[in-house]
Amino acid sequence: MTRRLEEEYVQILRDYLNSQEEDELYGAQKLGKWLLLKDISPEELVDLHSRALESVEEVPEFVRASFRMLTEVMIEYGNAHRSLQSWRNKHAQLQSEVEIASAMQQSLLPQTIPTYPGVEIGVVSIAANGMSGDYYDFMHFSGHRFSLTIGDITGKGIPAAMCMSMLKYAVDSLGEIQLGPNQMLRHLNRVVERNIDPSMFVTMLFGCYDTNHHCFRYAVAGHEPGFLYRAREGKFYDLEGRGIALGISADSTYVEHEVALQTGDVLILLTDGVTESKKGRSYLVREDLVGFLQNEVDKPAQLMADEIYRRLMMLAQFEQRDDYTMIVLRRT
Amino acid sequence: MVVAASNPETIRIERENDIVTARHIGRNMSKELGFGAIMQSRIATSISELARNIFLYAGSGTITIAIVEREGKKGLQITAIDEGPGIPDIRKALEDGYTTSGALGAGLPGVQRMMDCFDIESAPGKGTRVDVIKWFEQ
């Protein structure tokens with residue numbers, strides 16, 4: 001501790017003992033902030049105070065002895081103070097590691113939304129906190145086809161994100177051989193089942209869209225059902241398909257479904273972060289969501305996805321509890 | 001190299017009262033060496049923690065306190081030795097707890113931060129030896 005600090009402390013103490021005014025106490029409070037900034041520990045402060053007292057006036061022995069006791073007690077507070085410091089450093093380090101990991105993870109998701117003839121696509125995918133357990137991807141296939149994947153890993157944060165990167169590599173390499181949707185899920189199930197903790201699993205919808213015939217062939221593994229909007233009727237239908245989530249049983253098989261899109265029809269794929277978002281204190285129900293979709297269905301795909309996210313966040317008072325992904329695909 | 005600059009004092013730790021004896025001897029030796037009030041208290045607290053660990057986890061052991069010298073600099077060295085169960089995971093024992101434990105002893109991270117040198121050897125079933133030094137800065 002510096003001599004100047006000691007002198008200053010003596011001065012404030014002397015002034016206060018003389019005047020006992022509030023402004024001296026205000027000075028003391030400001031000094032407290034400064035002492036903390038200088039990392040002066042509690043026991044050092046107690047010691048500083050007892051020495052300052054000595055230089056202001058004759059101190060009776062029992063007061064002196066009582067300060068020795070107080071110093072002794074303060075050592076433990078000092079230990080807590082020092083350990084807080086090391087927690088802070090550790091926290092900052094962890095924080096920056098999470099930021100790097102989350103940037104790495106972002107690079108696993110499509111950087112731009114692809115364009116294909118005759119369709120228009122919009123996507124909103126936002127993590128609840130930094131790292132996401134949601135996954136989506138597009139891959140170009142031969143013969144006027146592209147694939148569309150949307151998945152949700154149970155849990156969120158770092159474990160979900162680690163699982164998601166594994167999933168991304170598996171989808172990528174299986175995508176190379178352009179498997180049909182049911183085969184794709186069957187193979188992914190095997191990868192997930194063998195490689196992730198039994199307490200985790202993944203729900204997924206994998207589909208192939210043919211831009212010549214405008215049909216969408218897909219298979220579902222326990223994933224939140226999407227919607228199909230029929231423009232001519234102006235109505236929303238649940239996308240059919242259930243299936244067992246990936247990673248639950250080694251030999252799950254999956255059923256393929258097919259829908260044909262007419263001009264203006266819209267496919268909406270989502271994760272449960274969308275359907276399980278909050279509406280004030282209660283939860284949103286699927287009917288509420290259909291109402292919102294109905295309101296926005298005439299907008300361009302990206303605008304529609306953006307608007308729905310904005311609307312749901314407002315309803316939830318901007319508290320996003322789960323990773324959120326919505327893909328909107330319209331036949332133009 | 002660290003060399004002894006005085007006759008070391010060894011205190012057997014078997015009862016809780018022995019912790020007090022060790023603290024007392026340590027405080028007197030640190031006063032003798034010239035340490036100020038805070039450092040005396042920190043040294044006494046470190047001795048307490050080491051002795052309490054012996055008392056709580058090993059049942060018995062020794063605390064040795066010595067004034068040592070290295071390159072003209074003096075310091076106080078405290079060595080805690082026991083033949084108790086040992087520490088299975090030293091890294092964990094040196095991590096700051098989520099709570100301010102205190103109640104059950106341990107307190108090794110606190111000791112490590114209060115002292116300048118901190119050396120620990122321990123193996124399951126082979127006991128524990130902790131060696132710490134606080135150097136006296138003029």
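In this predicted model, 14 residues of chain A are in contact with 11 residues of chain B. On the chain A side, the elements that contribute two or more residues are H3 and H4 of chain A. H4(A) gives the largest share, with 11 residues. Sorted by class, the chain A side that touches chain B holds 3 nonpolar, 4 polar and 7 charged residues.

Let us stay with H4(A) for a moment. This helix runs over residues 61–106 of chain A, 46 residues in total. Where does H4(A) bend? The bend comes at Ile75(A) and amounts to about 30 degrees.

Ile75(A) is also one of the buried residues of H4(A).

H5(A) brings us to another helix pair. The axes of H5(A) and H6(A) come within 10 Å of each other and cross at roughly 145 degrees, and the crossing is right-handed. From H5(A), the residues Met166(A), Ala170(A), Val171(A) and Leu174(A) meet Met184(A), His187(A), Leu188(A), Val191(A) and Asn195(A) of H6(A). By class, this contact has 7 nonpolar residues, 2 polar ones and no charged ones.

The loop between H5 and helix H6 (181–195) of chain A is also worth a look, as it holds Gln178(A). Gln178(A) has a positive phi, although it is a residue other than glycine. Phe318(A) likewise has a positive phi and is not a glycine; its place is the loop between helix H9 (301–315) and strand S12 (324–331) of chain A. Here are the two residues with their values:

| Residue | Phi | C-beta neighbours inside 10 Å |
|---|---|---|
| Gln178(A) | near 50 degrees | 16 C-beta neighbours |
| Phe318(A) | about 60 degrees | 7 C-beta neighbours |

Methods
Residues are numbered from 1 along each chain as its sequence is written. Chains are lettered from A and ligands numbered from 1 in the order in which they are written. This is a predicted model: local features need pLDDT of at least 70, side-chain atom pairs count only at pLDDT 80 or more; totals for chains, interfaces and linings use all residues. Helices (H or I, at least four residues) and strands (E, at least two) are DSSP runs, numbered from the N terminus. The expected span of a helix is 1.5 Å times one less than its number of residues. The bend at a residue is the angle between axes fitted to the seven residues ending there and the seven starting there. A residue is buried if 20 or more other C-beta atoms lie within 10 Å of its own, exposed if 12 or fewer, and partly exposed in between; C-beta atoms are placed from the backbone. Axes are lines fitted to C-alpha atoms, for helices over the stretch in contact, and angles run from 0 to 180 degrees between N-to-C directions. A crossing is left-handed if the near helix is turned anticlockwise from the far one by less than a right angle, and right-handed if clockwise. Two residues are in contact if their C-beta atoms, placed from the backbone, lie within 7 Å. Ala, Val, Leu, Ile, Met, Phe, Trp, Tyr, Cys and Pro count as nonpolar, Asp, Glu, Lys and Arg as charged, and the others, Gly among them, as polar.
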